Structures are given as C-alpha cells and as structure tokens.
2 protein chains.
Amino acid sequence: MPYPEEAEGFQVDSPDTYTNFNRRFFKLKPFGDYDVDIKIEACGVCGSDLHTISGGWGDQKFPLCVGHEIIGRAIRVGPKVTLIQEGQRVGVGAQSYSCGECKQCKNDNETYCPVLMMDTYGSEWPETGIVSQGGYSSHVRTHEHWVFPIPEQLETNLVAPMLCAGLTAYSPLVRNGAGPGKKVGIVGLGGIGHFGIMFAKALADGYIATAEEGWEKDHLCSFDLIINCASSSQGFDLAKYLSLMDVHGRWISVGLPEEDGQVIKAQNLIANGVLIGASHLGSRREMLDMLKLAADKGLRGWVEELQIGEEGLKEAMVRMKKGDVHYRFTMTGYDKVFA
Amino acid sequence: MPYPEEAEGFQVDSPDTYTNFNRRFFKLKPFGDYDVDIKIEACGVCGSDLHTISGGWGDQKFPLCVGHEIIGRAIRVGPKVTLIQEGQRVGVGAQSYSCGECKQCKNDNETYCPVLMMDTYGSEWPETGIVSQGGYSSHVRTHEHWVFPIPEQLETNLVAPMLCAGLTAYSPLVRNGAGPGKKVGIVGLGGIGHFGIMFAKALADGYIATAEEGWEKDHLCSFDLIINCASSSQGFDLAKYLSLMDVHGRWISVGLPEEDGQVIKAQNLIANGVLIGASHLGSRREMLDMLKLAADKGLRGWVEELQIGEEGLKEAMVRMKKGDVHYRFTMTGYDKVFA
C-alpha cells in the first residue's frame with residue numbers, strides 16, 4: 001500500500017494518566033479530493049495540549065493524540081488540491097476544517113465558523129466515527145485550506161510553535177490595529193506572549209512587558225491594545241489592568257484559563273469605555289501573512305527541543321505544568337521514531 | 001441681589017427615606033467666568049436618580065437634590081462665555097465639568113476624563129465644600145461646555161430626557177458604527193432603550209427589539225452591535241445574547257445594574273470573538289449632533305409629565321421602582337412652584 005491509511009502516534013487514555021503516552025496505530029479520515037497527507041517532522045507543545053489531556057477543559061474524546069503545531073512534508077495531495085504541492089514543507093495548526101460556505105468562512109473568519117468546527121485533534125469527523133488525532137504522530141491528513149506552505153527562511157523546529165501560539169498572538173494584533181503610533185501591551189509571557197511581543201514589536205512602534213512592580217502607575221489610561229496571554233486567572237487583578245486602557249482601548253484574551261472566570265460589571269468598564277474581547281486562532285490569510293512577516297524580519301520562536309516519544313512527551317507535560325519552559329517546547333527527531 | 005447665590009429645590013436625606021423630598025435652599029458654587037445660570041423649566045427622571053437616592057449605587061453625599069435631564073432658560077452668562085447667550089433655552093445633562101485639558105477632554109472624550117469628573121449632582125466642587133445639586137430645583141449653575149442650546153423644534157417636556165437617556169443611547173451607537181447596512185439591537189426597553197430604538201432607526205437601516213419568545217433563533221451570529229440598556233442583570237442570560245453577535249460584534253452596556261455582575265470567561269467570548277464594553281454618556285459634540293438629529297427627524301421622548309414637588313417626585317420614584325413608566329417621566333410645572 002503506497003499511502004498510509006493509518007498513522008502511528010502517542011495517545012493519552014484519560015486525564016488521570018495524562019503523562020502516560022501510549023504508542024499506537026490509529027485510523028486517518030478517508031482521503032478527500034482536497035486533502036493533503038503530511039509526514040510530520042516536528043510539533044510544538046501547546047498549552048492546549050496540557051489543558052486537554054489533563055481534563056482542565058472538561059470532557060474529551062479519549063484515547064487521544066494531541067499536538068497541533070505541526071511541521072512536515074506533503075507526501076500526497078488530492079486530485080483537486082491547488083494550494084499545496086507534493087514534497088512541499090508545510091504546517092498545520094490547531095484547526096483543521098470548517099464549513100467553508102458560511103458568511104464567516106467567506107470573510108476570513110473561518111476560525112469562528114458557527115456551522116462546523118474541526119479541531120486538529122479531538123473532533124469527530126462527521127459520519128465516520130473517526131476522531132481527529134494530532135501531531136505527536138507520524139502523519140496527519142488535512143484539507144488544503146488548513147495546510148500552510150512554510151517559507152524556506154524559517155527553521156522547522158523554530159517555526160513549529162508559530163502554527164498555533166504565533167497565530168493566536170498575531171491575529172488579535174492585526175485585527176485590533178496594532179501598528180505605528182499604537183501603544184500595545186502583552187500580558188502573560190509564555191509561549192503565546194513571547195510571540196506577542198515579537199509581532200507587536202514588528203508591527204507597532206513599541207511594546208511594554210508588564211512584569212515590573214509598580215509599572216502600571218506610568219501607564220494609566222494609555223494603552224490602545226493589550227493582548228492577555230495569561231493561561232491562568234488566579235490572583236489576576238483585572239481591574240488594575242483595565243485601568244491602563246485608553247478610552248475605548250481593547251483588552252483581548254487569547255489564553256483560556258481553567259478557572260471559573262471573573263465577575264464583570266458594566267461599572268468596571270465604564271470609566272474608560274474599554275472593550276473586552278477574546279480571539280480564536282487566526283485565518284489562513286493571517287497565517288500566511290504571519291509566516292511572511294517572520295521570514296522577512298527573521299523572527300523565530302524561543303524553542304527548547306525535546307525528542308518525540310513516551311519520555312520526551314512526559315517531560316514536556318510535567319515541565320509545562322510547572323511553568324518550566326522558556327518559551328516553547330518543540331518535539332523533534334521524528335525520523336528516529338517513525339520509520 | 002439680582003442673581004441667585006442659592007437655589008431652592010427638593011432634597012432627599014438618606015436611602016431609608018428616599019421617597020421623602022424636602023424643600024430647601026442650598027448654595028450654588030461660586031460664579032465663574034465661564035458659568036451659565038439657568039432657571040429650570042423641566043427635568044426628566046432618570047434611573048440614576050433612583051439608584052442614587054435609594055442607595056443602590058453605594059454611599060452618596062446626602063442631603064441631595066437629584067435630577068440631571070434639565071431644560072431651562074439661561075438667565076446670566078459669565079464674562080468669558082461664548083457658547084451660550086442670555087435668554088437662550090438650554091439643557092444640562094448628567095455631567096457638569098471635567099478638567100478640559102487632558103488628552104481625553106481634547107478628543108471629545110470628556111465623559112471619560114480621568115482627572116476631574118463632576119456629576120451634575122453629588123460631586124463636591126474642589127476647595128469649596130459645596131456638593132453639586134441637580135435639577136429638581138429652581139436653578140443650576142454650569143460651565144458653558146456642559147450647557148447645550150436646544151433647537152426650537154424640540155418641545156421642552158419631550159426633549160428633557162434626551163439630555164441623559166438620549167445621549168447615553170446615542171453615543172455608543174455612533175461610536176460603534178451604527179449606520180446603513182448594520183444590524184443593531186437594543187436590549188432593555190426603558191427610558192434609554194426607547195431612545196436607542198429611535199436613534200438606531202434614524203441612523204441604521206433597521207433594528208430589532210428583543211422581546212418576543214424564541215426570537216434569538218433567527219438571529220444567531222448576526223448582530224453588529226447591541227446596546228444593552230437593561231437596568232438590572234437579574235435572570236439575565238448573557239450567553240444567549242452574546243450568541244447573537246456577529247464575529248467581532250460589540251455588546252455595549254449603558255445601564256449600571258445594582259447587582260453583583262456576571263462571571264465572564266474568555267471561553268464565553270471566543271466563539272464569535274465578540275467585544276464587551278460599556279459607554280458613559282457622550283461628548284458635547286455628540287449631544288449637539290443628537291439634538292440636531294432629533295430636530296431634523298422630529299424625534300422626541302415618550303413622556304409622562306408629573307408636577308414638580310414633594311408629591312410628584314415621590315410618585316415618580318415609587319412608580320419607577322416598579323417599572324411603571326413608559327418610557328420616561330418629566331417633572332414640569334416649575335413656574336407654579338418656584339416664584
């Protein structure tokens with residue numbers, strides 16, 4: 001059989017055993033006319049992976065192979081594929097399908113499609129019973145719209161985390177007007193936040209990282225935009241942050257903390273008419289723009305590499321849980337594990 | 001003495017006795033070069049008055065005369081006043097001063113001034129010990145920036161509620177792009193909301209009032225803007241309303257409910273990337289634009305008149321507390337009470 005109908009990867013079986021990765025074969029979705037088969041070469045380790053397998057985001061479809069910052073090689077393209085060529089180095093991010101027909105999909109808002117939202121892992125393909133499996137595996141099979149050519153200037157191991165964390169930071173920056181003359185802040189300096197600073201600096205005149213004691217006093221009522229990348233809301237003094245916003249400034253959250261949320265009244269927002277929002281990934285167009293910006297400006301993730309496998313994945317999750325990562329792990333060495 | 005240094009009005013002494021209005025004289029602020037003395041002819045009854053005197057918004061400076069939808073006659077103008085002429089019919093709204101010098105004041109954001117915010121009632125004038133008193137009284141003394149000429153087409157009793165409720169609805173509509181082709185919703189059909197519908201209809205192609213059972217099903221993910229005018233958040237299903245918003249649509253609250261607020265997580269906002277905000281009154285420029293729009297299009301409040309006095313004010317508060325008003329009271333008959 002020339003092409004794989006199965007992939008081999010590392011699955012978790014339950015939140016109680018989320019650091020135990022089990023090497024298994026699993027079925028890929030049926031190959032469609034617009035699909036691309038990708039042999040994986042690297043995959044970033046996203047906070048979502050940990051939230052998902054440890055149960056922090058609620059019920060999931062186990063057993064599950066996570067990982068959605070995928071870089072690999074297109075080894076087969078469907079007969080109607082025009083966006084990707086066989087042999088090309090490509091990436092896949094956190095989303096792998098949407099309806100493609102609705103108003104949102106037609107307006108570069110496919111990550112907000114209300115009709116059909118397929119995550120790269122953990123979503124069931126309609127009428128197949130097959131649950132999508134992620135990039136801690138040998139192969140993924142993905143519709144061409146969700147497969148992105150990688151500019152040659154970008155190194156596989158360093159660009160991988162851009163496919164989710166990078167785009168998650170980039171999209172709200174460009175959608176909310178980060179650019180010359182704007183004062184942009186990044187809260188939460190993890191995987192997403194470090195890209196946020198990188199892209200804010202590449203897009204806007206300046207940026208400020210909110211780490212020093214008493215820093216807020218000089219910045220009251222002055223920020224046009226803050227991207228909140230914090231992955232936890234414990235002890236988070238939202239009112240203090242909102243006091244930094246200029247009139248009608250925007251506080252956009254991209255992290256999805258596991259905690260209960262925060263009590264918000266109109267009274268909290270009225271002093272400066274601030275807008276609170278959230279952002280979900282980014283469009284294909286934004287992904288391509290971001291990769292081009294990164295290639296043009298020499299931007300790359302700050303990455304620590306770990307060998308893909310039971311041990312490496314366990315280490316990644318244990319250390320990420322402790323916050324012991326600056327600022328992103330990329331699982332590499334796929335060729336040593338998958339023949 | 002040709003000009004009053006005192007005004008006579010109806011004050012409340014405590015939240016426990018908020019339906020008892022006591023007729024008294026009280027001192028006006030010292031007359032400044034830019035001040036205008038106004039003999040009051042009518043005053044709308046705003047939800048803020050009730051929230052304030054009944055203690056729902058916390059501690060206030062009692063004794064207090066409320067009322068901030070004021071129409072009257074300019075009977076004296078300071079030597080540097082250029083915006084108002086003696087004898088002119090004018091209005092005063094909920095705010096009566098700001099610093100005038102900061103970035104916000106210079107950018108038509110004076111209602112968001114972080115330096116000095118003087119409400120028409122209940123704020124202490126710096127270095128005087130004098131607490132501002134509202135429009136259930138014979139006179140107010142107000143800086144010209146906060147005094148608005150009333151177009152002759154607009155009837156005193158019907159335009160009065162526009163000075164706060166009208167502007168509160170108008171400003172977030174124009175600041176958030178209500179106009180041809182936009183789908184605008186108004187939630188909470190009270191004093192502010194009925195102006196919201198009026199102005200939304202005057203500005204945009206259409207509007208939808210959210211009162212009928214099951215109405216949301218036809219409108220999922222479709223609104224560009226909803227102005228939330230609800231004065232209470234009890235039993236309020238925010239998630240249902242947010243599901244109506246188009247991607248990056250805006251949910252703007254102008255009511256300030258007394259309840260604790262609602263728990264919001266980024267997860268609630270991410271499906272459509274909706275922005276949640278609040279809006280505070282509106283600028284002088286917006287006030288003038290609104291009055292012109294009302295004059296040009298023949299818009300006016302739906303008003304029930306009540307005679308100013310102890311009885312009339314008590315009736316206004318008791319009935320407003322029960323929601324028994326469609327859609328605004330205006331206190332009138334000032335000439336019968338104040339010589």
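Is Phe195(B) buried or exposed in this predicted model, and what is the relative accessible area of Phe195(B)? Phe195(B) is buried, at a relative accessible area of 0%, where buried means under 20% relative accessible area, exposed over 50%, and partly exposed in between (1.4 Å probe, protein chains only).

The model is predicted, and local features need pLDDT of at least 70, side-chain atom pairs count only at pLDDT 80 or more, and totals for chains, interfaces and linings use all residues. Residues are numbered from 1 along each chain as its sequence is written, chains are lettered from A and ligands numbered from 1 in the order in which they are written, and side-chain values use heavy atoms, with hydrogens and water left out.

View 1. Over all chains, the structure holds 18 aromatic pairs; rings of Phe, Tyr and Trp (its six-membered ring) pair if their centres lie within 6.5 Å, with planes under 30 degrees apart counted as stacked, over 60 as edge-to-face and the rest as tilted. Among them is the edge-to-face pair of Tyr170(A) and Phe199(A), with 5.6 Å centre to centre and 80° between the planes. Tyr170(A) belongs to helix α4 (residues 165–175) of chain A and Phe199(A) to helix α5 (residues 191–203) of chain A, so this pair ties together parts that lie 29 residues apart in sequence; helices (H or I, at least four residues) and strands (E, at least two) are DSSP runs, numbered from the N terminus. Tyr170(A) is buried at a relative accessible area of 7%, and Phe199(A) is buried as well, at 0%. In chain B, Phe195(B) and Phe199(B) form a stacked pair, 6.0 Å centre to centre and with 15° between the planes. These two residues stand 4 residues apart in helix α5 (residues 191–203) of chain B, and about one helical turn therefore separates Phe195(B) from Phe199(B). Phe199(B) counts as buried, at 0% relative accessibility.

**View 2. A ring cluster in chain A.** Ring pairs join Phe10(A), Tyr334(A) and Phe338(A) into a cluster.

**View 3. Helices α4 and α8 of chain B.** Helix α4 (residues 165–175) of chain B packs with helix α8 (residues 284–297) of chain B at an angle of about 100°, and their axes are 10 Å apart; axes are lines fitted to C-alpha atoms, for helices over the stretch in contact, and angles run from 0 to 180 degrees between N-to-C directions. This makes α4(B) roughly perpendicular to α8(B), a term for angles of 65 to 115 degrees, while those under 35 count as roughly parallel, over 145 as roughly antiparallel and the rest as oblique. From α4(B), Gly166(B), Leu167(B), Tyr170(B), Ser171(B), Val174(B) and Arg175(B) meet Glu286(B), Met287(B), Asp289(B), Met290(B) and Leu293(B) of α8(B), with contact meaning heavy atoms within 4.5 Å. By class, the contact of α4(B) with α8(B) has 6 nonpolar, 2 polar and 3 charged residues, where Ala, Val, Leu, Ile, Met, Phe, Trp, Tyr, Cys and Pro count as nonpolar, Asp, Glu, Lys and Arg as charged, and the others, Gly among them, as polar.

**View 4. The two copies and their axis.** Chain B is superposed on chain A by a rotation of 180° with 0.0 Å of shift along its axis (RMSD 0.0 Å), using least squares on the C-alpha atoms of residues with pLDDT of at least 70 in both. The two copies are thus related as by a two-fold rotation axis. Among the residues of chain B, Val263(B) comes closest to the rotation axis, at 2.0 Å (C-alpha). Of the interface residues of chain B, 100% are also interface residues in chain A, so the copies meet through the same surface.

**View 5. Arg24(A) in strand β2.** Arg24(A) has its place in strand β2 (residues 22–27) of chain A, and Arg24(A) is partly exposed, with a relative accessible area of 27%. Not counting residues up to four places away in sequence, Arg24(A) touches Ala7(A), Glu8(A), Gly9(A), Gln11(A), Asp13(A) and Pro63(A).

**View 6. Backbone details in loops.** Most residues other than glycine have a negative phi, and most peptide bonds are trans. The peptide bond from His326(A) to Tyr327(A) is cis, with omega near -5°, and Tyr327(A) lies in the loop between α9 (310–321) and β17 (328–332) of chain A. Glu127(B), in the loop between β7 (117–119) and β8 (139–143) of chain B, has a positive phi near 60° and is exposed, with a relative accessible area of 85%.
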